[in-house]
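User: I have a model to go through. Please keep the answers brief.

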Amino acid sequence: MDQTYCRFQLGAPDYVTIETEEQSYVSSGQKQLVAEGNTKVEFRAADDCEEILLTSQEAVRCVKLRWNYKILKGSTFLTDAWERSYGELGWKGMSASRFMPWYFLANAPEKTVCFGVKTRPDAMCYWQADTKGVTLFLDVRCGGMGVMLQGRTICAAQVVCMEAGPQNTFATAQEFCRRMCPDPVFPEFPVYGSNNWYYAYGDSSQQEILSDTDYVLQLTQGASNPPFMVIDDCWQECHELNVYNGGPWKNSNAKFPDMKNLAGQLVKKGVRPGIWVRLLLNKDEEIQEEWRISHNGCLDPSHPDALAYIRRDVERICAWGYTLIKHDFSTYDLFGKWGFEANQVANMDGWHFYDRGMTSAQIVKRLYEEIYQVAKQHQTIVIGCNTIGHLGAGLMHLNRTADDTSGRLWERTRRMGINTLAFRLPQHGTFFHIDADCVGVMGPVPWEKNKQWADLLAQSGTPLFISVKPGILSPEQIEELRQIMLVASEQKRHIVPADWQETDCPEVWTEDGNTVAYDWYEDAGPVLNSRVETFFAATVVP
């Protein structure tokens, strides 16, 4: 049975709250224009959305919009995450205390309703729903203080709402993501390959990268689409294992004599060269204090000279010949928090970026835009990691959608990898291509579990990256992985979770009536130990 979709508009809110640094204003009455103090909020209907425009001479922190739109109490809700997810995604019951970043779906026996904002808004946006109505918060702060627009107007958000039948919630989520993102960018060919992080964990060398390259070529023998060999955190000049993983990004260390030459060697061997970078953490003495964020010393992309410095780093790496750049840690380096630490207050109070005339969302987008535009000139693919997907859609080809999987602990891979693949899969091919992270093969994780994880990634049509320590797999296992890699090299199959409303770790996946069942749980239950990485997601508050 085909699903039908119907766009609807919420209209002007029943209540509008404007919070400035000095006071809060509350207005009621479904007005198209709310003017309080020196601030105006205007609602304007467009063909496919409702625009919310903000103009002010004051320091505005947040605009709160409340509609008396009632959602049935028995509905279940699916929402997104601020940046990466941490194993917490899934369909859940109504909770007035839950703050839902960017968008949400509410499914009831009669219908599914969808509420969201278009990608790349000028505000950090999150929703709340209870038995009386729906609330949208537009956080327009600059860092932790109100933005100073000085009379300028910004489009804080473009609200998109959609209604569908109750069946096939996955197709509904996919269609809704498509409507929220009108201008995604995708790689021109399937992206897959090797990244040795999940067995080397930063202790690597040029020689090891070249050896891994030979290994991944063995595992992809017969593929017409060459794999990537991605060099992760390990190559930079000031790299200190488990101590410091920032820049400068101008030179490499003794274990990596010449990064440009290494890129050429990788191409000659027959792979595509990729590289990891953390652009905002940089102790280069040439960086002036004015270019740094006050609370942590990372580069402030709202400062034009800092942004120009970042651009030069990206240009240099592209000129070395790397055709994939994975930029990491930017959300943490901008706001000092991981996504699971952010509730309705997504950043800290008492500080602001260099340019206080820009909202945090605008500053994040400026950073992503700069990286993307440089990469585009060199035909380089961009992967964002620890990035805000709703602000990055259209400015990155791939998005690492969850916290790290593991080569040591299956429980972490199960929690982080499968959860994000299932519940952010509607964003694949609508926002960007989603990267649910690697398959780590170094010994401790049973091969039967890792084989299933690799198979699911390949069958879903999303990028598959492997971290396989040479010598771990038997000849039979190598052939099993090679067959999976051949599927991943084409990305023609697209299985989706069939039981995603019943569990946060879907086991039943389907495509065109064909069903694949996976076994994600260890017979003796989860392995309990004191490793922080095992239960990183256990601290998540719904």
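User: Is K449 buried or exposed?

Analyst: This is a predicted model, where local features need pLDDT of at least 70, side-chain atom pairs count only at pLDDT 80 or more, and totals for chains, interfaces and linings use all residues. Residues are numbered from 1 along each chain as its sequence is written, and side-chain values use heavy atoms, with hydrogens and water left out. Buried means under 20% relative accessible area, exposed over 50% and partly exposed in between (1.4 Å probe, protein chains only). K449 has a relative accessible area of 9%, so K449 is buried.

User: Which residue forms a salt bridge with K449?

Analyst: A salt bridge is a side-chain nitrogen of Lys or Arg within 4 Å of a carboxyl oxygen of Asp or Glu. Here the closest N and O atoms are 3.6 Å apart, and the partner of K449 is D519.

User: How many residues apart in sequence are the parts that D519 and K449 tie together?

Analyst: Helices (H or I, at least four residues) and strands (E, at least two) are DSSP runs, numbered from the N terminus. K449 lies in helix α10 (residues 447-460) and D519 in the segment after β28 (514-517), so the pair ties together parts whose separation in sequence is 70 residues.

User: What is the relative accessible area of R141, in the salt bridge with D139?

Analyst: The D139 and R141 side chains meet at 2.8 Å, N to O. D139 is buried at 5% relative accessibility. R141 is buried too, and its relative accessible area is 5%.

User: How many salt bridges does a search of the whole structure find?

Analyst: Some are linked in a network that joins E83, R84, R400, D403, D404, R412 and D437. The search of the whole structure gives a total of 36.
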